[in-house]
Amino acid sequence: MKKASLVFILVLLLSVSSIFAGEVVTSSRGNPSLPPLKVIIVWHHHQPLYKKPGTLDYQLPWVRMHGINDYPYMAELVKDYLTRGKVTFNITPVLLEQLKDYTDRGAMDKYMRISLKDKLTPEDKKFVREHFFDINPQFVNAHPLYRSIREKIDNGQTLTDQDYLDLRMCWNLYWFNIDYINADPVLKAMMEKTHYTMNDIRTVIDKQIALMRKVIPLYKELQDSGKIEIITTPYYHPILPLLVQKGWAEDAKAQVERGIAYTTKCFGVKPQGVWPSEEAISQDVIPILSDCKVKWIVLDKSILQGAGVDTSDYRNLMRPYMIKNGEKSVIAFFRDTDLSNRLSFNYSSWNARSAVKNFLDRVNELQELNESGDLVLTIALDGENAWEHYPNNGNDFRKLLYRSLSADDRVILTTPSEYLKEYGVHRVLTHIPTGSWAGDLSNWIGEKEENDAWDRLAAARKELFSKIDSLPEDVKERALKALYAAEGSDWFWWYGSDQSAGGLDEYFDMQFKRCLQVIYECLGYTPKTMPAYLFIPNKQPAIPIRAIGKISPQIDGEIGAKEWANAGYFSDSDPNLLEDLIKAIYVGRDNSNIYIRTDLNVSPSSLIGKDYRLIVYTDQPGIVNANTLTEYSERGENATKLGFPLVNEYILSFLRVRKPKSMYLIKKVANGDETWGISDILYNACAIGNTIEFAIPFTSIGVKSGQEVNIAVVAVKKGKDVDFAPNTGPAHVAIPQQVTGKTIAFFKDPVGDENGPGTYTYPKDGSFAPYKGLWDIHWVKVLDSGTNYVFLFKFGEMTNPWNAPKGFSHQLINIYLDTKPGGRTDTYKEGAYVQFDPKHPWDYFIKVAGWPSYGQVFANAKGEENNRAINIEADPGDKLIAVTVDKNAIGNVRKFYAYFLVFSQDGYGKDHIRAVTEKATQWTLGGYPIKSKGYAPFVLDLIAPKGHTQKEELNSYDPKLKKYATVYPVLIEEK
C-alpha cells in the first residue's frame with residue numbers, strides 16, 4: 001500500500017512538471033514603443049562556517065544539503081532555461097571553502113557521521129529523533145514512510161532499529177532536488193522502496209558528494225561562457241559597519257581582500273562586484289571598499305531612502321549611484337525590495353503561473369517608465385532558502401520564470417558590470433545612512449546575548465593582538481582565520497530574541513564559541529585555562545505551559561486557591577537523574593516582585609535539617625561581571641548548563657531552617673571569575689510547606705519595568721548540583737513597560753467573535769490550543785501619553801508556542817489610520833482581502849506581530865516605512881498588546897479614524913497572514929466560502945463602529961463585481 005502511494009506521488013510530481021514543459025507566461029503590460037528595461041537579478045548563496053577552524057570537524061549539514069538541492073540546480077536552471085540574457089551570482093568564500101572541504105578533503109558533518117554508523121548509541125538515537133526531520137514539513141508529509149515515522153514519534157511509540165535506519169535514509173534522500181531524483185535511476189528506485197539498508201545510505205551519500213563536486217565547475221562554465229557574472233562577499237560574511245564601529249577597520253579590509261582573492265582563485269576571474277554581508281553599509285565602509293578596488297556593490301532600497309532620495313518615483317531607484325567619501329568611492333545598485341521579497345517570501349503560496357504572471361506584470365509596468373532608455377531594475381535575494389517553501393520545491397516556478405523572461409522582448413536581463421560598461425553612472429551620493437536590508441543593524445547588536453558575544457569576541461581579539469607578533473606564521477594564520485570566522489554575521493543574527501533557529505540555536509552559539517576557543521588554543525591556553533563561558537551553551541528560554549502573568553500569592557508554603565493560576569508553569573521531568581528532585585516550577589510577578597513556586601517529588605518538609613539547598617539563579621540587565629557556572633557545578637562536559645549568564649543567586653538552605661513559614665534567603669553575586677560573594681540577606685522571602693515559595697524583589701535582582709530577566713532553580717545535595725529547572729532553558733520573565741496616559745477612546749468588542757464573517761474555525765495543530773480566544777479582541781483602549789499614542793489590545797488568550805521575541809505567537813494586528821484628506825482604500829500589501837471605506841481612506845499603516853523583523857512596521861500611503869516610529873510590548877499574562885506610536889510620525893492630530901483588524905500570524909503567508917481554506921488543516925483555518933472566488937477576507941476579528949457589525953462588514957464582498965469586503969473605521973477624538 002505504501003509503495004503504491006509513493007508511486008502515485010512520483011507520477012503526480014512528474015505530471016505537474018510536464019504541465020510547464022515549454023510553456024511561457026506573457027504580460028499584457030509594458031510599452032513596446034519604449035526601450036526594453038534592463039533587469040539585474042542577483043542570487044545570493046551563503047552558509048556560515050560549520051566546522052571548528054583548522055579542522056574538518058563539521059557540526060551542521062546545511063552546506064551539504066543545499067549542495068544537493070539548490071547550488072547545482074540554480075546553475076543548471078540558467079544553463080537550460082535562460083536562453084536570453086544573463087544573471088549574477090554571489091557565492092560567499094566561506095561557502096566555497098566548505099564545498100571544497102566536502103569534495104576534496106573528505107569533510108563529514110555530525111548528521112553524516114551518524115547516518116553512516118552501523119550501531120547507534122542512545123545519544124545518537126535521540127539526535128536522530130530530534131534532528132532528522134530538519135527539513136520542510138511538506139517533504140515529510142509527501143512521503144508515506146517518512147510521515148509514518150514522524151507519526152510514530154508524535155504518538156509516543158518506540159522506534160525500531162529499522163525505523164532509525166529508514167529515518168536516516170529518508171532525510172538524506174529527500175533533501176535531493178526532486179528533479180535530480182527523477183533523472184537518476186538509482187535514486188528514483190530508492191524512492192519506491194519501503195525499507196532501506198546501510199548500503200542504501202552509503203550509496204545516497206556517495207551520490208551527494210558526486211553532485212557537490214559539480215557545483216564550482218558548473219558556475220565557472222557559466223561564467224566563462226558569458227551567461228553569469230560571479231561576485232563575492234567579505235570572506236566570513238561579517239557586518240562591515242559594526243567592525244568599523246568597533247575600531248577593527250583592518251579586519252574589515254582583510255575580510256574583503258581575502259574574499260576577493262579566494263573567489264578569484266576558485267573561478268579564475270577577479271570579481272568586479274561585492275555583496276556586502278546582509279547588504280550592511282555605512283559611510284565609513286566606503287573607503288575600505290574603494291581601497292580594495294571594488295567597482296560596485298548591491299544595497300537595499302531603504303538605504304537610498306535614508307540618503308534622502310525619493311524612491312516613490314521608481315526612476316530614482318532604477319539607476320546606479322556613485323557613493324563618495326572624500327576621494328574614495330564605490331558604485332551602488334539599489335534593489336527593489338518589494339519584488340525581491342515577492343520571490344523570497346510571497347510567491348511560495350501561489351501557483352507557478354500566477355506568480356510568474358504577477359512578477360512579469362510588475363516588471364513590465366516599470367518598463368513603461370523607461371523613456372530615457374537607461375533605467376535598470378535590480379532584484380537581489382537569497383538563492384537557496386526560499387524554494388523549499390514553494391510547491392514542488394519551486395522547480396516549476398523557476399523554470400517558468402526563466403523561460404518567460406527569456407521570451408519577453410520588453411525585458412533584457414543583464415549584469416551590473418555589463419550595465420556600467422554600456423551606460424556608466426551619473427548620479428552621486430555624498431552621504432548614506434548606516435543600515436542593512438533589515439533597516440538598522442539591531443538584528444546583530446543591542447540585545448544582551450548579542451552584546452555578550454561582541455564583548456567575548458573583543459576580549460579574544462585583544463588577547464590575540466597582544467601576542468600576535470610572537471606567533472609562528474602558521475599559528476598566526478590559523479588564529480586570524482578563527483578570528484575572522486567569529487566575526488561572521490550569522491552568530492549575532494541568531495543571538496537574542498529577535499531571531500530564533502529553533503532547536504539549533506545552541507549549535508550556532510557553540511560554533512561561535514568554537515571559533516574563539518581556537519584563538520585561545522593558538523595562544524597556548526588549554527580548556528581549563530581559557531574562559532569557562534566558551535564551553536557553556538546559551539539556551540533559548542523554556543516555553544511555559546501557561547504564560548507568566550500577574551499574581552499575588554501569600555508566601556506561606558501552601559498552595560492557595562487560584563493564587564498561582566496566572567503564573568507561568570514549567571514541568572520538569574528528569575527520570576534519568578540519580579535524584580529527580582524538582583517536579584515543576586511556577587513563575588509569576590506583580591509590580592515589584594518575582595514569585596517562584598517549586599514543587600518537589602518529595603515532601604519539602606522531609607528535607608529540613610538535611611544538607612540540601614534550593615538556589616534561584618538570575619541574570620541582570622546591564623551587568624558585565626557574570627559567572628557561567630553555578631556555585632556547585634561540576635566542570636567540563638558535566639557542568640550544570642543553565643544557558644544564561646549568572647549574576648545573582650538566592651540560597652535556601654534546608655540545613656538551617658528555623659521557621660519554615662518565614663525563611664530567609666542568602667543572596668550572593670557573581671564576581672565574574674566563577675566565584676561568588678555574599679551580598680545580602682532577604683528576610684521573610686521564602687516559605688516551606690506543601691511546596692516552596694519565593695518572593696524576590698525587582699530591586700534585589702536589579703530589574704525594572706520594561707526589562708527582562710532569566711531565572712532557573714537548582715537543587716543542591718551535599719555541595720553538588722543534582723537537578724535544575726526548567727531543564728530545557730531558563731524561565732524568561734519580561735517585565736512589561738508601564739503603560740500610562742489619558743484614555744481618549746475605548747472600544748468594547750463582542751467576546752467569541754473571532755470567526756471572521758461568522759464561519760471561520762481554528763487550524764488543527766496543537767500549537768493553536770486552547771482553540772479559542774487567540775484572535776478574539778475583548779477591547780481596544782487608546783491612550784494619549786503626551787508625545788505618543790498608545791493602542792492597547794486585550795485578547796481572550798495569548799500563548800507563545802513558537803517563542804516569539806515579543807511574547808506572543810498567534811496575533812497579527814493591522815492598524816490603519818485616517819488622519820488627513822487623501823490616502824488609499826486598498827490594503828498596504830496583499831493578504832487581508834478587504835478594502836476600506838472610501839469616505840475614510842487611510843494615510844498610515846501599522847503592522848504588529850511577535851517577531852520584530854516583520855511585525856513592527858509603520859508606513860505611509862506612499863509605501864515609505866519608518867519602523868522606528870512605533871514600539872510594541874506585550875503582557876502575555878494579562879493578554880495585552882501595547883502599540884506605541886510617535887505622534888510626530890502621524891502629525892499631532894486631535895481627531896482621526898482608525899481601523900483595527902486581527903489575523904492569524906503565519907511567517908510564510910502573504911504579508912504574514914494565515915490562509916483560510918474550505919476545511920481546516922494542520923496549518924490553515926477552515927470555513928472559507930469557496931463561492932467567494934477569492935474575494936472573502938482573511939480577517940478574524942475587528943472593531944466595528946456603531947451602526948455596523950463585524951459579520952455584516954466581512955460578508956460585504958461581491959465576486960461578481962470583483963469587490964472585496966468593505967470595512968469601516970472608528971472615530972478617535974481628544975476632548
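Predicted model: local features only at pLDDT ≥ 70, side-chain atom pairs only at ≥ 80, totals over all residues.
Residues are numbered from 1 along each chain as its sequence is written, and side-chain values use heavy atoms, with hydrogens and water left out. Helices (H or I, at least four residues) and strands (E, at least two) are DSSP runs, numbered from the N terminus.

**Ser115 and its surroundings**

- Ser115 has a relative accessible area of 0%, so it is buried. Buried means under 20% relative accessible area, exposed over 50%, and partly exposed in between, using a 1.4 Å probe and protein chains only.
- A polar atom of the Ser115 side chain lies 2.7 Å from the backbone oxygen of Tyr111.
- Setting aside neighbours within four places in sequence, Ser115 is in contact with Phe132, Arg168, Asn172, Met198, Ile201 and Ile205. Contact here means heavy atoms within 4.5 Å.

**Helix α19**

- Helix α19 covers residues 337-346, and its buried residues include Thr337, Leu339 and Ser340. Arg342, Leu343 and Ser344 are buried in α19 too.
- What do the buried residues of α19 pack against? Their partners are β5, α17 (301-306), β7, α20 (352-367), β8 (376-382) and α21 (395-407).
- At the start of α19, a side-chain oxygen of Asp336 comes to within 3.1 Å of the backbone nitrogen of Asp338.

**Aromatic rings**

- Rings of Phe, Tyr and Trp (its six-membered ring) pair if their centres lie within 6.5 Å; planes under 30 degrees apart count as stacked, over 60 as edge-to-face and the rest as tilted. By this rule the count comes to 67 aromatic pairs.
- Trp296 and Phe333 have ring centres 5.9 Å apart and planes at 85°, so this pair is edge-to-face. The pair links distant parts of the chain, 37 residues apart: Trp296 is in strand β5 (residues 296-300) and Phe333 is in strand β7 (residues 328-335).
- Tyr928 counts as buried at 11% relative accessibility, and Phe938 counts as buried at 11%.
- Ring pairs also link a cluster made of Tyr50, Trp437, Trp444, Trp491, Trp493, Trp494 and Phe508.

**Two loop residues**

- Gln620 is in the loop between β14 (612-618) and β15 (648-653), and counts as buried at 15% relative accessibility.
- The side chains of Gln620 and Asn648 make a polar contact at 3.4 Å. A polar contact is a pair of N or O atoms within 3.5 Å; within protein, one must be able to donate a hydrogen and the other to accept it, and residues adjacent in sequence count only if both atoms are side-chain atoms.
- Beyond its neighbours within four places in sequence, Gln620 is in contact with Lys448, Val647, Asn648, Ile701 and Gly702.
- Lys704 lies in the loop between α27 (698-701) and β19 (708-717), and counts as exposed at 55% relative accessibility.
- Lys704 and Pro621 are 83 residues apart in sequence, yet 9.2 Å apart in space, C-alpha to C-alpha.

**The largest cavity**

- On a 1 Å grid over the protein atoms alone, a cavity is a set of points where a 1.4 Å probe fits but cannot get out, and lining residues have an atom within 4 Å of a point. Grid points are joined across faces, edges and corners, and a volume is the space filled by probe spheres set on the points.
- How many cavities of 30 Å³ or more does the search of the whole structure find? It finds six, and the largest cavity has a volume of about 80 Å³.
- Residues lining the largest cavity include Glu449, Asp452, Arg456, Lys513 and Tyr533. Helix α23 (residues 448-467) gives the largest share of that lining, three residues.

Note on methods
1 Å grid on protein atoms, 1.4 Å probe; cavity = no way out; pocket = protein on both sides within 12 Å on 5 of 7 lines; lining within 4 Å.
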